[in-house]
Structure formats: C-alpha cells, structure tokens
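Hi,

Here is the structure I promised to send over. Have a look at it first, and then read on for what turned up.

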Amino acid sequence: MALITCQEALDLVAAHIAALFPRTCTERVPLEQALGRVLAQSVYADRDQPPFPRSTRDGYAVRAVDHGVRKLIGSVRAGEVWTGASLAQEETIEVMTGAPVPDGADAVVMLEHVEATATTVSISDRHLPSAGDNVVPRGQEARAGDVLLHAGVRLAAAEIALAASVGAAGLDVYVQPVAAVLATGDELVAVDQTPASHQIRNSNSHALAAIVREHGGVPRLLPPASDTRESLLERISVARDADMLLLSGGVSAGKYDLVEDVLLSLGAEFFFTGVLIQPGKPVVFGRLPATQTHAEQWIFGLPGNPVSTQVTALLFAMPMLQALGGESLPQPRFVQGTLASIMKVRSGLTRFVPAKLSSSLHAVTVNPVEWHGSGDLASNARADCYIVVPSDVDSVAAGTTVTVLLR
Ligand SMILES: Nc1nc2c(c(=O)[nH]1)N[C@H]1C(S)=C(S)[C@@H](COP(=O)(O)OP(=O)(O)OC[C@H]3O[C@@H](n4cnc5c(N)ncnc54)[C@H](O)[C@@H]3O)O[C@H]1N2
Ligand code: MOO
C-alpha cells in the first residue's frame with residue numbers, strides 16, 4: 001500500500017470515527033466521579049437561570065426613572081427575598097451581591113456611588129443608573145428546559161459545575177473503551193528486570209497505557225510478544241475482546257517485522273500502512289472484522305521507536321479511542337504558537353519536532369528541544385508538545401507562527 005500524507009491519514013481516521021456514532025454502552029455515575037468521563041445524556045436547565053433577577057453588586061436597588069434622594073425602606077441579602085410591597089417612586093432597598101432584586105426595581109447602584117444615611121440614599125450625578133444596570137434578569141443565562149450539555153462532551157470542571165447547578169447528582173456516561181497494549185520485540189524485558197547489554201526495557205507499553213488513560217480509555221497491558229508468528233497470534237487472540245489493539249514495533253521493513261502479516265492472516269483490513277511523517281512513518285491503521293463472538297476491533301500498529309510510538313498514538317489512535325468512548329468527533333489537539341528560534345529539517349515528510357511551550361498573558365512561544373531522533377526518550381520528556389513542520393518546508397524562521405501538536 002502506498003504511503004499517504006499526514007492529512008490523508010487524519011482524514012481516514014476521522015471518516016471511520018464519523019461512522020461510529022451513536023455509541024450505546026452507558027453507565028450511571030455520581031457527579032463526584034464524572035470528571036473526565038464522556039456524557040451520554042442531555043443535561044437540562046431545571047428552572048430559569050438565574051431563577052430570579054440577581055444583583056451583581058452590593059448596593060441599592062432603584063427605579064432608573066426616579067431622580068433625587070431615595071428613601072431607604074429595607075435590605076435584602078443573598079438567600080433572602082423581599083416580601084414587602086413593590087418598590088414605589090423614589091424608594092430604594094439595600095441589596096447584596098447575589099440577592100434577588102425586589103419587584104419594581106430595575107437597576108442596582110454600587111454602594112461606592114452613593115451617599116447613604118440610615119434612611120436616605122443619594123446617588124452621585126456621575127453614577128445615575130440606566131435600567132438593567134447590575135441586574136441579571138431572570139432566565140438570561142438559560143430558560144427552564146433548555147439543553148445545557150449535550151451527549152458526547154468530556155466532562156471537565158466547567159461542565160461539572162453546570163451539571164451541579166441544575167441538580168444533576170448522577171450522570172449517564174459512556175462506558176470507557178478498553179485498549180489492549182501489546183509491545184513486540186525479542187529485545188524487550190520488563191521494567192523491573194535487569195536487561196543484558198543487548199536488551200532494552202519495554203517502555204512503550206507504559207507510555208501507551210498512560211496515553212490511553214489520559215484520553216479516557218482503560219489500558220489492558222499484555223506481556224510483550226516475541227518476534228514469531230506463534231507468539232503474536234497467541235497474544236492478539238487473547239486481546240481480541242478489547243475495543244482497540246495498540247501494538248508497538250514490528251511494522252517496518254525488516255524480516256522480523258511480522259505484525260501486518262499476522263493481522264492479515266486473522267482477516268484484518270488495513271486503511272493505511274504508512275504515512276509520510278517523521279517520526280512514525282511505518283504506522284498502520286486497520287480493523288479486525290466483527291465475528292459471531294466478537295465485535296470489530298480497531299488496530300493501530302505503531303512503530304516501535306519510542307517517540308514514534310507516542311506521536312502516532314496521539315495523532316491517529318487517540319482520536320479513535322476517544323470516539324469509542326463516545327466523545328463527539330475528537331481530533332488531535334493542534335494549537336498555534338510563535339517559533340522562538342530558527343528550525344531546519346529535511347523536507348519530504350511532515351515532521352513532528354519535540355518542543356517546549358511557554359505561555360504568557362499575550363504570547364504562546366514554542367522552543368524546539370535538542371533531540372536525537374525517534375528513540376530519544378530523554379529529549380522527548382524535556383518537551384511537552386511537537387512542532388508540526390509541513391512536508392514542503394526545510395527551514396522555519398524565528399517569529400513564524402507554527403502549528404503545535406499538544407500531548
Ligand atoms: N529498512 C528500513 N528500516 C526501517 C524503516 C524502513 O522504512 N526501512 N523504518 C524505520 C522507521 S521510520 C521506524 S519508526 C522503525 C520502526 O520499526 P518497527 O516498528 O518495526 O519497530 P522495531 O524495529 O521493533 O523497533 C524499533 C526501535 O524501537 C525499539 N523498541 C521497540 N519496541 C519497544 C518498546 N516496547 N519499548 C522501548 N523501545 C522499543 C526497538 O528496540 C528499536 O530500537 O523502523 C525503522 N527501520
Ligand atoms: O519515523 Mo521512524 O518513526 O524514524 O523513527
């Protein structure tokens with residue numbers, strides 16, 4: 001299969017994602033456990049929001065049409081309600097921030113802008129109010145019955161706050177997708193073993209498990225497979241009931257790179273088997289079809305080089321995982337920043353260069369870190385993002401606005 005461009009590969013994943021909806025597997029969780037989960041229901045306003053005209057200042061509720069000194073007839077704070085008669089001409093009631101504005105009043109004047117005695121309030125000429133000043137009308141933020149949150153949103157603090165405000169003590173969320181993680185390679189040993197000089201520790205499984213968790217999935221770590229058909233077949237069959245299979249290693253051109261062959265023998269179809277990117281060129285995306293006993297399984301064969309593994313997981317596998325978890329049309333997280341120093345690369349492939357973001361009030365700057373290729377985990381950990389360099393570019397000047405892939 002020919003190599004395709006990065007955009008074509010992203011589009012292919014996006015097309016399969018679009019065909020996944022709607023997801024159906026849901027569970028109910030208490031609001032306290034909903035952070036990071038994907039909402040599987042609509043959340044409605046249970047009443048008008050705010051439910052009463054709300055004062056946004058400590059001050060005095062008045063009628064804007066009145067002039068002159070107001071007669072002070074009472075006081076209301078948040079949690080209280082004015083039970084007296086509607087405000088009459090040239091009357092005022094002291095109100096606190098968050099208090100219901102009494103009937104008849106249409107504005108609140110800040111207490112800093114008046115001179116008040118125990119019985120009167122006079123507003124300074126420079127601060128005469130207009131109707132509506134410092135009052136949020138009932139229902140301005142939402143009307144009872146409005147949909148405030150839609151299924152498919154990942155619940156962060158803002159959504160949790162909104163759900164709490166309308167009394168959603170429990171929420172239906174999508175069941176988290178399971179991603180089986182299978183590293184391949186005869187050179188691998190477990191992290192708690194002492195490797196011989198020709199061996200390396202299996203870091204990719206841990207990287208992938210962490211990335212899966214960060215994107216709302218549940219990783220299932222399998223013991224690494226060795227570079228034989230039998231070992232791969234055995235591990236892949238054990239992983240068959242996971243929603244997704246994330247393999248690392250064994251996808252390039254070498255004679256022990258058997259992953260594609262083994263998947264083909266199991267009936268897999270491939271949507272791409274190489275993308276014009278660096279790192280990560282040999283990345284594979286495919287699917288094992290549904291059988292009588294198993295649902296379809298999405299497969300990503302990620303290149304074994306550790307930085308390639310992480311970049312391709314972020315670009316291609318995580319949007320699919322998030323979609324399997326019910327999130328609406330997820331995409332890799334691209335933002336823009338200003339390049340801090342000149343960058344030279346070889347053109348021909350879309351490059352993802354490890355970099356560090358620094359952000360201040362008015363600028364997001366991005367600094368490439370020194371790195372030594374797709375195996376350089378140390379540099380990768382000094383970075384927190386990747387600068388995207390288009391395939392037809394070999395030099396980017398300092399000060400250029402560049403696209404950045406966030407982790
Ligand atoms: N003749 C060619 N050789 C290579 C090509 C090519 O097109 N033609 N592509 C290169 C590119 S690009 C990459 S990326 C790698 C991908 O190789 P594989 O996916 O087959 O991965 P391996 O060969 O198994 O391993 C590559 C590298 O990564 C280390 N590794 C593997 N698994 C782990 C793990 N679980 N934890 C930590 N490190 C791991 C492995 O030891 C190797 O050093 O192929 C190039 N070659
Ligand atoms: O692209 Mo490979 O991903 O050079 O290391």
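A quick word on terms before the ligands: a residue counts as near a molecule if its C-beta atom, placed from the backbone, lies within 6 Å of that molecule. Please also keep in mind that this is a predicted model.

With that cut-off, ligand 2 is surrounded by Gln278, Pro279, Gly280, Lys281, Pro303, Asn305, Ser308 and Ser374. Sorted by class, that shell holds 5 polar residues, 2 nonpolar ones and 1 charged one.

Ligand 1 has 26 residues around it, and those that come nearest are Asn204, Gly249, Ser252, Pro303 and Gly304. Two elements, α3 (204–214) and α6, each give two or more residues to this shell. Its make-up by class is 14 polar, 9 nonpolar and 3 charged.

Now for the chain as a whole. You'll find 7 helices and 28 strands in it. The radius of gyration is 30 Å, whereas a compact globule of 407 residues would have one near 22 Å. Along the principal axes, the C-alpha atoms fill a box of roughly 95 × 55 × 40 Å. Buried residues account for 39% of the 407. If you take contacts between residues at least 6 apart in sequence, 70% of them join residues at least 24 apart.

Back to α6, since it also packs against another helix. How do α1 and α6 lie relative to each other? The axes of α1 (residues 6–18) and α6 (residues 306–324) cross at roughly 10 degrees and come within 10 Å. Angles under 35 degrees count as roughly parallel, so α1 and α6 are roughly parallel to each other. On the α1 side the contact uses Ala9, Leu10, Val13, His16 and Ile17, and on the α6 side Leu315, Phe316, Pro319, Met320 and Ala323. That contact has 9 nonpolar residues, 1 polar residue and no charged ones.

Is Val43 buried or exposed? It has 23 other C-beta atoms within 10 Å, so Val43 is buried; the cut-off for that is 20 or more. Leaving out residues up to four places away in sequence, Val43 touches Leu148, Leu149, Ala163, Val166 and Ala168. Thr97, by contrast, is 54 residues from Val43 in sequence and 27 Å from it in space, C-alpha to C-alpha.

Cheers

Technical notes. Residues numbered from 1 in each chain as written. Chains lettered and ligands numbered in written order. Predicted model: local features only at pLDDT ≥ 70, side-chain atom pairs only at ≥ 80, totals over all residues. Helix = DSSP H or I, 4+ residues; strand = E, 2+ residues; numbered from the N terminus. Rg over C-alpha atoms; globule rule 2.2 N^0.38 Å. Buried ≥ 20, exposed ≤ 12 C-beta atoms within 10 Å, placed from the backbone. Contact = placed C-beta atoms within 7 Å. Nonpolar A, V, L, I, M, F, W, Y, C, P; charged D, E, K, R; others polar. Axes fitted to C-alpha atoms, helices over the stretch in contact; angles between N-to-C directions. Parallel < 35°, antiparallel > 145°, perpendicular 65-115°, else oblique.
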